[in-house]
Amino acid sequence: MVKASAGTVNPHGRTGVRIVVAGDHGTGKSSLIITAAADNFPVNVPPVLPPTRLPEDLYPDRVPITIIDTSSRPEDSVKVAEELQRADTVVLTYACDRPETLENLSIFWLPHLRKLEVKVPVIVVGCKLDLRDENQQVSLEQVMSPIMQQFREIETCIECSASRHIQVPEVFYYAQKAVLHPTAPLFDQESQTLKPRCVRALKRIFILCDHDRDGALSDAELNDFQVKCFNAPLQPSEIVGVKKVVQEKLPKGVNERGLTLTGFLFLHALFIEKGRLETTWTVLRKFGYNDDIKLADDLIPPLKRAPDQSVELTNEAVDFLKAIFDLFDSDGDGMLRSRELEELFSTAPESPWIGSPYEDASEKSAFGGLSLDAFLSEWALMTLLNPTFSVENLIYIGYPGDPSSAIRVTRKRRLDRKKQHSERNVLQCFVFGPRKAGKSALLNSFIAGKYSESYNPTTEDRYAVNVVDISMENKKYLVLREIPEDGVRKLLSNKESLASCDIAVFVHDRSDESSWKTSSELLVEIAGHGEDTGFEVPCLIVAAKDDLDSFPMAIQESTRVSQDMGVEAPIPISVKLGDFNSLFRRIVTAAEHSHLSIPETEAGRSRNRLINRSLMFVSVGAAVAVVGLAAYRVYSASKSTSG
């Protein structure tokens, strides 16, 4: 592998790099800038220069550079702070003949940047090198090493002399390079190793270039890689040289088939250690990675959908995931254990299912493994909640087709209602209810979690997803979304909050009258919100804790509410006894037939009566008009006959 061609035209998509120069008074900021721009040391230097533009073709990357000079006067500190916060990179200067200005970098300037939350690369520049005391024999590395240990944001240190034209262009070359080819995302300076996300990206690139999947890059594959990244082939002697360098330092880096992944990673670490970060960045960008070492946004197909449309994986994507599951189920036990899942996602920036909402959303074996159904359920949930993220991860793990072929946008729910049937494979159920009603226990049981008597209140929305078999041919992914009682108001503050809901379930503790009262009030509130926004949803009432005696008048109360609102009578269940009364099938069936089980509030009925009455008046008026027109025609005909 060699460096990118010097003739490369701005491969970074950047319109420019903004470099802000700061430091103590008299450290040579303005002289440095003028000398770099005009190639002449100035005789008279103004206190602060206006923004200075360097020629576009000065450096190989051909990205325009704008240099911002800053004042050293205390009264200008606010303006200086604003400029620093707008910087792409900061050049901090000190004077080689004034040790106190170097000390002030770690005493004031570098802590000041942190206080301002300026999180960009920093280049430390020692100006006036020609004025340094000749008796001072301490090297730049010895001077700067302690400061660089303390302030990891320092990318490079360099000394220069504007009056003697020593290393002036290099200052802004390193400053530009720190932006276009930053070290921080790639390399851990402390451990001197590639960072995990960089390793994962390079592993994916290696696999993509290993066309015969034999675990090594042959000479031909290495050459293809070189041409793709750098537009220039490798000579046979260069390939031999590359492999020789690797083999001398790392015998495992090369085998009889070619360069191994270990060797490939070693080469990139070597490039970075030698300051050739542009080589690794060129490779990453050629394969679609951005500065965060994630796939660039333009590689993910944009999605357009109405609020009541959802996104699902296509059959093509599901078939790919089934094949991936089999490939990484190394012990053939029908489960993906933690290490197998980690290996599967080892070419993604990180595992997408760490943390909420995915980590505890699906059924797991005693050893934490995922069955095929649970694996596909996690993907169904991720695609429903964040389709772009789902497609991105499909690409990371090797999806071979056009990314847009991996997902489909479902039909609008309003159209489903007209058709009286939903074609969705993934259905989302909002679970409402008061505290201690049994919502969490219901979600736990859905993913085969253990029943527990202890109460742990849910403070944030929580998800559970699993497969529900309606029949041999009808298999759906059901997503349960638990809405804490305290979260209902926030949910309903959004007009479109129910648009993503296929069905709502209202859970109450059948032994507690206040639980029933709160749950039925929630039902009225959700139904009213649906009527007001046009996003009505089918609803079911669940009477949990059927193993306990119901409160007095429970049957009469629930019957009255069910009949008044036009929904099914409460479904009794007992999570403790494992008696679910086919609840999950009933949820799916009700969601599939979304024209049924839609509750109607008193306000909604009044509104509908008013609309129907208006329609009736329109109909009667039209009928009268038709009769009048007919009578007139009869009258006209008889009149002409008698005439």
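A pocket, as the word is used here, is an open set of points on a 1 Å grid over the protein atoms alone, with protein on both sides within 12 Å along at least five of seven lines, whereas a cavity is a set of points where a 1.4 Å probe fits but cannot get out; lining residues have an atom within 4 Å of a point. Grid points are joined across faces, edges and corners, and a volume is the space filled by probe spheres set on the points. The largest pocket holds about 1300 Å³ of space. This is a predicted model, in which local features need pLDDT of at least 70 and side-chain atom pairs count only at pLDDT 80 or more, while totals for chains, interfaces and linings use all residues. Residues are numbered from 1 along each chain as its sequence is written, and side-chain values use heavy atoms, with hydrogens and water left out.

**Pockets**

- Of the 44 residues that line the largest pocket, Ile-154, Glu-155, Thr-156, Thr-183 and Gln-189 are the closest to its centre.
- Helix H4 (140-150) gives the most to this lining, with six residues; helices (H or I, at least four residues) and strands (E, at least two) are DSSP runs, numbered from the N terminus.
- The lining of the largest pocket has 19 nonpolar, eight polar and 17 charged residues, where Ala, Val, Leu, Ile, Met, Phe, Trp, Tyr, Cys and Pro count as nonpolar, Asp, Glu, Lys and Arg as charged, and the others, Gly among them, as polar.
- The second largest pocket has a volume of about 730 Å³, and of its 32 lining residues the closest to its centre are Gly-438, Ser-440, Ala-441, Ser-454 and Tyr-455.
- Helix H16 (residues 439-446) gives the most to the lining of the second largest pocket, with five residues.

- Among the residues lining the largest cavity are Asp-308, Arg-413, Gly-534 and Phe-535.

**An open sheet**

- Three strands form an open sheet in the order S9-S11-S10, with antiparallel pairing; two strands pair if DSSP finds at least two bridges between them.
- Strand S9 (216-217) and strand S10 (254-255) stand at the edges, each with a single partner strand, so one side of each is left without a neighbour in the sheet.
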